[in-house]
Amino acid sequence: MIDFSLVFFAITIPAVIFAGITKAGFGSGASFASASILALLLEPGIALGIMLPLLMLMDVFSLRPYWKRWNSRDALRIIIGAVPGVALGAFLYDLANPDVFRLLIGGISIAFVVWAIARARGWLTVSGAPLGAGWGAFSGVMAGFTSFVSHAGGPPVAVYLLRQGMDKTTFQATTIIVFWAINLMKFIPYAALGIFTKQTFLADLMLAPFAVLGVYLGVKAHKLVPEKPFFVFTYVALTLTGAKLIFDALS
């Protein structure tokens with residue numbers, strides 16, 4: 001049961017606004033933290049059930065500002081890989097230990113940031129060529145699975161896209177279209193698993209305006225933040241979310 005108390009709204013409203021800002025403005029990498037924040041107050045399954053319709057609403061309102069500004073090739077690679085990833089998440093939802101995958105994704109995220117810093121400083125001299133289709137599909141599998149079990153698909157997608165040499169708006173638009181597709185894939189399996197309830201939908205109705213507000217603020221922030229600080233923020237978000245995933249896995 002969800003207790004629609006002042007405490008509930010004091011926690012959920014900022015979490016939803018934060019998800020909208022990061023999803024619409026800064027590449028979705030940290031938006032999964034909102035589900036984690038809700039899970040402090042609610043059972044994890046209820047937190048997932050509340051967040052998915054709100055994330056889908058954010059997707060709809062985020063598409064227009066970035067319409068057709070994405071990289072179709074890389075988006076398609078990730079989306080194709082996400083299909084078996086989501087299917088695996090649905091199949092193993094009651095069996096898999098999501099902590100193993102949180103630890104893996106968190107480790108990869110932080111290792112990638114360390115690699116990027118070492119390369120920028122000249123400590124490593126390796127090819128900066130974009131990653132190929134196989135890596136795109138692999139990131140999609142990881143994103144599909146982790147997104148299904150914890151809405152934490154952002155880091156593997158960010159790791160792949162940051163290697164592709166995109167400008168900030170192409171990067172942002174590509175994450176928008178990718179997670180629009182992944183969240184659509186998740187809806188029917190979530191419903192079949194009984195993750196949605198009348199109470200989660202009631203919570204969504206009350207929180208929907210704050211999801212839209214977060215998207216609006218995120219789009220404005222994206223336009224205001226220059227390219228270099230944008231990617232610095234993205235790397236910082238990737239580091240923090242990676243650390244949070246590792247902490248969650250080990251705690």
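Predicted model: local features only at pLDDT ≥ 70, side-chain atom pairs only at ≥ 80, totals over all residues.
Residues are numbered from 1 along each chain as its sequence is written, and side-chain values use heavy atoms, with hydrogens and water left out.

**Exercise 1.** Find how many salt bridges there are (a side-chain nitrogen of Lys or Arg within 4 Å of a carboxyl oxygen of Asp or Glu).

*Solution.* Apply the rule and you get three.

**Exercise 2.** Work out which parts the Lys-23 and Asp-59 pair ties together.

*Solution.* Start with the contact: the closest N and O atoms of Lys-23 and Asp-59 are 2.8 Å apart, a salt bridge. Next, place the residues: Lys-23 is in helix α1 (residues 6-25) and Asp-59 in helix α3 (residues 44-63), so the bridge joins parts 36 residues apart in sequence. Helices here are DSSP runs (H or I, at least four residues), numbered from the N terminus. Finally, check burial (under 20% relative accessible area, 1.4 Å probe, protein chains only): Lys-23 is buried at 3%, and Asp-59 is buried at 1%.

**Exercise 3.** Trace the network of salt bridges that includes Asp-74.

*Solution.* Take Arg-73 to begin with: its closest N–O distance to Asp-74 is 3.4 Å. Arg-77 and Asp-74 sit three residues apart in helix α4 (residues 72-91), so about one helical turn separates them. Put together, Arg-73, Asp-74 and Arg-77 form a linked network.

How values were computed
Helix = DSSP H or I, 4+ residues; strand = E, 2+ residues; numbered from the N terminus. Buried < 20%, exposed > 50% of the residue type's maximum accessible area, 1.4 Å probe, protein only.
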